[in-house]
Protein chains: 2
Amino acid sequence: MKRLQSLALLAIALCLSMPAMMAQSPIMGFSDEASKSQLQLEQDYDKLLKATNLDEWMKYMTARPHHVGSPYDKKVVDYVAAKFKEWGYEVRIEKFDVLFPTPKLRLLEMTAPTKYKAKLIEPAIKGDESSKQIKEALPGYNAFSIDGDVTSELVFVNYGIPADYEELEKRGISVEGKIVIAKYAGSWRGIKPKLAAEKGAIGCIIYSDPRDDGYYQGDVYPKGPFKNEYGVQRGAVMDLPYAPGDPLTPGYGSTDGAKRLKISEATSLTKIPVLPISYNDALPLLKAIGGPVVPANWRGALPITYHIGPGPAKVRLKLEFNWDLQPAYNVIATLKGSELPDEWVIRGNHHDAWVHGANDPISGLVTMMEEARAVSILAKQGHTPKRTLMYCAWGAEEPGLIGSTEWVETHADELREKVVAYINTDGTGAGFLGAGGSHTLEKFFDQITHVVNDPQKGVSVFDRRNARNIANGQPSWSHYKLSALGSGSDYSPFFQHLGISSFNMGFGGESSGGEYHTMYDSYKLYKRFKDPTFQYGVTLAKVAGRTSLRLANAEVLPFEFKHFTKIVSGYVDEVTKLADKLRKEADSHNKLIESGVYDLVANPKDNFKTPGPKTPVPYFNFAPIENALKNLKNKASEFAMASKKGISNSANTNKLNKVLKSMESKLIRDHGLPRRSWYKHHIYAPGFYTGYGVKTLPGVREAIEQKNFDEVTEQITILSEVLKDFTANIDAAIKLMK
Amino acid sequence: MKRLQSLALLAIALCLSMPAMMAQSPIMGFSDEASKSQLQLEQDYDKLLKATNLDEWMKYMTARPHHVGSPYDKKVVDYVAAKFKEWGYEVRIEKFDVLFPTPKLRLLEMTAPTKYKAKLIEPAIKGDESSKQIKEALPGYNAFSIDGDVTSELVFVNYGIPADYEELEKRGISVEGKIVIAKYAGSWRGIKPKLAAEKGAIGCIIYSDPRDDGYYQGDVYPKGPFKNEYGVQRGAVMDLPYAPGDPLTPGYGSTDGAKRLKISEATSLTKIPVLPISYNDALPLLKAIGGPVVPANWRGALPITYHIGPGPAKVRLKLEFNWDLQPAYNVIATLKGSELPDEWVIRGNHHDAWVHGANDPISGLVTMMEEARAVSILAKQGHTPKRTLMYCAWGAEEPGLIGSTEWVETHADELREKVVAYINTDGTGAGFLGAGGSHTLEKFFDQITHVVNDPQKGVSVFDRRNARNIANGQPSWSHYKLSALGSGSDYSPFFQHLGISSFNMGFGGESSGGEYHTMYDSYKLYKRFKDPTFQYGVTLAKVAGRTSLRLANAEVLPFEFKHFTKIVSGYVDEVTKLADKLRKEADSHNKLIESGVYDLVANPKDNFKTPGPKTPVPYFNFAPIENALKNLKNKASEFAMASKKGISNSANTNKLNKVLKSMESKLIRDHGLPRRSWYKHHIYAPGFYTGYGVKTLPGVREAIEQKNFDEVTEQITILSEVLKDFTANIDAAIKLMK
């Protein structure tokens with residue numbers, strides 16, 4: 001009674017909606033009647049989900065290391081394929097032979113001022129049997145580092161992101177000819193060697209500082225889930241923001257007969273050798289670095305004073321790799337649509353891991369499998385979805401989204417033609433729903449978040465997520481807000497290369513740890529610290545399952561454009577403000593140089609160098625975008641009005657769905673983004689210097705950030721054309737509704 | 001040429017004033033003609049200052065530990081007295097026998113889950129001879145901790161300030177019957193045992209976390225100036241915000257015949273035993289604490305996961321002290337004024353140290369001595385200041401401003417009658433001028449900051465200080481802004497007890513370290529890392545010397561009231577906003593409890609307890625203050641206009657000076673602040689729960705903060721009366737000018 005009363009108060013006081021209220025309103029894309037049967041179907045679906053399945057399957061698939069090309073990866077593939085077959089899916093395994101370098105020689109030693117040879121091992125943990133399978137596992141390394149043998153002084157570069165190099169420049173410190181040592185985090189790892197090489201460094205070491213995911217955050221494994229002193233984060237360092245996928249077949253599938261570049265021609269490999277290490281191995285190196293003390297916000301949690309260098313610490317880094325092709329297996333399980341077999345809803349999660357991968361990716365894969373199992377039972381009971389549903393277990397995601405990218409590149413034409421949406425998951429934990437995706441489906445997704453309940457609290461996953469906003473002093477959400485997608489999982493080829501509406505989702509916030517890409521991402525750790533009873537795995541199956549089923553069964557595809565317009569409007573605000581901010585900063589910085597303030601403040605004991613002037617930022621003509629946005633706004637409203645009335649001529653439904661399905665593709669341009677044509681989406685892209693991190697309106701935003709001022713105007717033109725085409729397509733949809 | 005040009009630009013672009021411009025304008029309180037001779041005097045004064053004197057005297061006075069009651073403290077006293085005599089001052093040594101507990105027994109051991117006995121030593125440092133004088137030195141302890149022998153589980157309480165106990169309550173953790181371990185910093189140290197005892201703890205350990213002044217900040221001694229693993233900060237923990245001075249003679253001087261309380265009657269001793277330790281000794285204890293992981297902003301820089309407890313770490317803390325009276329010697333050196341011998345300008349700095357005290361207090365003391373030496377030469381040349389100048393080297397400052405407080409309490413009537421202003425220094429370093437004081441003298445002081453140059457940069461100390469504001473993105477200063485004085489040095493009895501206008505000043509920003517109150521605050525460290533050539537010591541002598549000389553020579557005392565009014569106006573804004581903020585916070589917090597948001601967000605795995613409701617904050621009638629402020633504003637302007645015209649009847653000058661000298665005393669009330677009547681100033685006081693940290697408009701502000709809402713209204717009435725009296729006194733001054 002107390003609980004009920006307080007929830008009612010919550011709903012009233014904070015304008016949250018009640019699951020019950022939402023359940024009575026029709027589902028987007030469904031008539032009142034169709035809504036009813038869909039809701040019934042979802043009730044039945046929920047009842048079929050069994051947490052014990054997730055547990056059993058995870059236990060099997062994480063029993064041994066199963067990286068790309070390993071024997072156990074093939075076992076996992078066969079296991080997944082057999083399950084889908086058993087459930088009645090039409091299953092095929094599509095194999096691509098792709099470049100996957102593995103370490104042949106890893107040497108890191110400090111040669112001055114004292115000697116130290118990095119151990120480069122993750123010892124077995126008592127009580128976690130899988131951590132003993134060291135021989136079968138890939139050791140700590142970064143895939144797509146080039147071979148190399150370099151010796152030089154060390155420079156500590158914090159996270160090794162652009163802002164850090166600005167700090168170095170202020171101090172007159174160059175990394176030219178040096179080896180940099182950077183902390184993990186702050187950006188996607190591949191940015192660190194990329195930027196270091198651009199700045200002239202000849203080698204790159206990346207380590208996990210305990211401040212970011214070690215003892216500073218919580219107890220370390222095996223006492224707690226955080227990274228212990230030996231944990232090493234493996235990971236790819238190819239130039240992902242340039243293009244994911246097999247570096248030898250850029251932009252096309254690595255099919256059997258495909259032309260493959262020579263390794264020397266592959267542009268997305270790193271330019272310098274790079275190696276990840278534990279903080280146990282990093283500590284002696286960092287201790288030996290001299291020079292200025294680092295700025296306050298560079299400091300980690302090791303018990304030392306962090307210095308920048310260069311030197312006197314000097315290291316040798318020698319790396320050699322096996323540059324072999326390895327099989328990336330994609331398991332594709334299809335349930336043909338009962339009414340619209342040529343309209344596809346695709347659900348995907350990768351299966352390859354860096355080691356055992358209990359969290360990444362198996363926690364997401366078992367969720368997807370349980371969705372598919374439940375759907376197959378519904379199908380057998382006569383409820384085959386209208387549209388075709390495909391479940392894909394991707395191979396070779398870890399080295400660079402390779403399995404999914406090659407598959408998408410191989411089948412690009414068919415996918416452009418047929419796919420309604422792509423729904424991705426990857427590692428998932430417990431706590432709060434996190435979801436990103438196409439904002440044309442935000443309102444659609446919001447409805448789902450109100451009808452699936454949090455397993456611990458008995459309120460909707462929306463209400464729990466929103467309670468966190470409120471408790472943190474952030475504004476209460478009127479609806480579930482999808483984040484913008486950057487990169488880092490298999491939605492990228494669908495979304496940013498082909499322009500297919502996409503989602504990525506999972507649970508987190510109560511399952512943090514430091515196991516990511518280490519030897520310790522084990523079943524044992526997952527069961528102790530992540531989602532022990534798989535209650536959130538089942539909850540994710542409810543959310544992602546509804547997302548797939550509603551898209552597959554909708555009478556009219558549930559796209560709408562007011563949310564999208566509002567979001568893009570916000571992005572436009574951001575970029576105009578960004579230009580203003582950078583202009584002000586440059587002007588005031590240059591004034592300070594001119595007036596000598598930096599000199600006056602500097603401590604003569606420090607090796608301070610007056611910073612150079614910043615390029616002044618001109619004013620830009622944003623009017624073309626504003627005008628395009630205004631028309632978009634009008635058409636989005638008109639579409640919403642028309643949607644309320646419904647379609648007058650139902651013969652047009654199929655045509656309308658075709659138009660709606662093509663909406664996201666209007667946001668791409670075949671020429672892609674400047675200097676990275678693989679990325680074709682003009683609203684969302686991973687940042688060229690952030691990696692996974694999204695840059696919205698990437699053409700315009702990055703031109704401003706990178707001070708390519710001529711390009712800003714070009715990109716404004718392109719973006720306004722993109723918005724115009726998108727608006728014209730809405731208009732086409734509106735016409736079909738009248 | 002480049003430099004000149006850029007400085008001109010600086011001045012023009014940023015509205016900074018040029019030393020030259022100021023030098024041409026008359027000095028506040030001086031006629032045009034008198035200004036000229038005063039400026040000439042100051043030129044002569046500057047020429048007399050010798051950095052080598054500061055060096056020589058510091059070397060002598062820091063040769064051995066010289067805490068209260070030590071043989072070498074008496075040597076220092078005699079040395080200082082002899083110097084003043086040599087320079088021609090009339091010198092007397094006023095001795096007060098005051099309570100000064102020293103350690104007899106210090107035992108700290110962990111009894112569970114493992115055994116550990118704290119070492120409680122600061123080992124000698126190779127290359128710093130003075131650190132070897134361990135037998136003569138006081139070891140690490142907190143003066144005025146009570147005796148005790150307690151054993152209990154540990155609770156880690158972060159800094160042990162009120163906000164930290166709120167976090168504990170959220171987690172349902174009590175310190176009742178426990179021993180708390182708190183980090184140094186975040187408040188004055190005495191707050192930690194005071195608050196712990198209020199919360200029911202039975203013992204308190206304070207340690208220096210390397211995050212605050214150890215390796216996290218920079219290289220540790222002897223490589224750098226920061227605190228090494230063994231450094232222990234000594235210090236008093238008497239209830240200073242209640243009252244400083246000898247705890248046995250509260251409010252009156254500890255003269256020979258004075259009635260002394262029994263120790264059991266002394267209310268300002270701690271209620272529980274308290275001991276400071278190094279982080280070397282703290283680490284085993286902190287490692288052994290279990291329970292929840294601390295909030296992110298509680299984390300220090302030790303290589304562990306910090307937990308709150310309670311237990312399983314259990315410690316025994318046993319402390320016994322010698323509760324002896326010790327002599328506090330004040331050296332009082334007087335130069336009788338040539339025209340107004342009964343108007344006194346007092347300059348002071350203490351001489352007692354915790355150990356060698358090179359920085360604290362000798363760096364300030366040698367500065368003051370060099371000022372006095374130069375002034376004595378000027379006097380011999382026929383330029384004895386008009387008013388009496390007194391130089392005071394205080395004893396027993398470290399245990400609780402005892403020497404100065406007893407002196408002030410003993411001579412209260414005479415001081416109230418005669419003192420124009422008190423100018424304090426204490427430890428000083430290098431870099432940027434920091435000064436706090438009475439805002440009725442802000443404009444006066446601002447002039448000085450424009451005519452004294454920074455020794456490294458050749459611009460005024462004002463311009464260098466302001467350049468830092470600008471470089472940090474803060475607003476450019478139109479004038480030097482005095483901070484408000486809290487407590488922590490010998491100005492407190494003059495300022496907050498008697499209502500005498502005061503200053504406290506020093507240099508810092510380029511001389512940070514962790515030596516404060518440790519065995520390592522040595523001559524060696526000072527010379528390597530603080531102000532190696534004493535160039536900033538000499539600069540401080542120029543600033544403080546001008547402050548004394550101008551006050552001593554002014555025709556009309558240089559008080560004005562527009563600055564003060566603006567400042568107080570700002571404080572009134574702050575307290576009204578504070579009430580609004582607390583009201584909003586309480587309301588929104590209570591709404592969140594009511595609506596169940598905290599429950600929804602909480603992770604069931606954590607031992608989360610829904611916080612209790614906060615007392616709603618009513619609206620207060622601030623009108624009496626606003627009205628008083630309005631009148632004050634008018635009178636302050638009227639006074640400024642009258643000042644411009646000058647005094648029509650010069651016979652009134654003496655009367656006017658009398659009124660002006662009494663201005664600050666109008667801001668005190670004999671009944672003092674609630675529950676601490678020793679503090680009588682109603683504009684500035686040290687915070688009851690911050691210690692050194694100032695609380696402006698303390699009566700009103702602390703009543704709001706501590707939710708004594710009835711008291712808010714009372715204090716508003718008192719404050720508005722105080723402002724009215726102050727305004728009436730301005731009016732009296734105006735009348736004398738007409």
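**Figure 1. A proline in a loop of chain A.** A:Pro312 sits in the loop that runs between helix 9 (279-288) and strand 10 (314-322) of chain A. Helices here are DSSP runs of H or I with at least four residues, strands are runs of E with at least two, and both are numbered from the N terminus. This is a predicted model, in which local features need pLDDT of at least 70 and side-chain atom pairs count only at pLDDT 80 or more, while totals for chains, interfaces and linings use all residues. Residues are numbered from 1 along each chain as its sequence is written, chains are lettered from A and ligands numbered from 1 in the order in which they are written, and side-chain values use heavy atoms, with hydrogens and water left out. The peptide bond leading from A:Gly311 into A:Pro312 is cis, with omega near -10°. In chain B, B:Gly311 and B:Pro312 are also joined by a cis peptide bond, with omega about -5°. B:Pro312 lies in the loop between helix 9 (279-288) and strand 10 (314-322) of chain B.

**Figure 2. Two residues with a positive phi.** Most residues other than glycine have a negative phi, and most peptide bonds are trans. A:Lys707 is not a glycine, yet its phi is positive, about 60°. Look for A:Lys707 in the loop between helix 22 (698-705) and helix 23 (709-737) of chain A. Is A:Lys707 buried or exposed, or partly exposed? With 28% relative accessibility, A:Lys707 counts as partly exposed; buried means under 20% relative accessible area, exposed over 50%, and partly exposed in between (1.4 Å probe, protein chains only). In chain B, B:His517 has a positive phi near 65°. B:His517 belongs to the loop between strand 16 (502-509) and helix 16 (523-529) of chain B, and B:His517 is buried, at 4% relative accessible area.

Figure 3. A:Asn228 is found in the loop between helix 8 (210-213) and strand 8 (235-236) of chain A, and at 7% relative accessibility A:Asn228 is buried. Which backbone atoms lie 3.1 Å from a polar atom of the A:Asn228 side chain? One is the backbone oxygen of A:Tyr221, and another is the backbone nitrogen of A:Gly231. Leaving aside neighbours within four places in sequence, A:Asn228 is in contact (heavy atoms within 4.5 Å) with A:Ile125, A:Val220, A:Tyr221, A:Tyr279 and A:Tyr520.

**Figure 4. Salt bridges between separate stretches of chain.** Side chains of opposite charge can pair when their charged atoms come close. A salt bridge here is a side-chain nitrogen of Lys or Arg within 4 Å of a carboxyl oxygen of Asp or Glu, and the count over all chains is 79. A:Lys119 and A:Asp281 make one of them, at 4.0 Å from N to O. A:Lys119 is in the loop between strand 3 (116-117) and strand 4 (142-143) of chain A and A:Asp281 is in helix 9 of chain A, so this pair ties together parts 162 residues apart in sequence. A:Lys119 is partly exposed at 40% relative accessible area, whereas A:Asp281 is buried at 2%.

Figure 5. In chain A, A:Glu711 forms a salt bridge with A:Arg675, and the closest N and O atoms are 2.9 Å apart. A:Glu711 lies in helix 23 of chain A and A:Arg675 in the loop between helix 21 (653-661) and strand 17 (684-686) of chain A, 36 residues apart. A:Glu711 is buried, with a relative accessible area of 12%, but A:Arg675 is exposed, at 52% relative accessibility. In chain B, the side chains of B:Asp725 and B:Arg669 meet in a salt bridge of 2.9 Å, N to O. B:Asp725 is in helix 23 (residues 709-737) of chain B and B:Arg669 in the loop between helix 21 (653-661) and strand 17 (684-686) of chain B, so the pair ties together parts 56 residues apart in sequence. B:Asp725 is partly exposed at 34% relative accessible area, while B:Arg669 is buried at 17%.

Note on methods
Polar contact = N/O pair within 3.5 Å; in protein donor to acceptor, adjacent residues only side chain to side chain.
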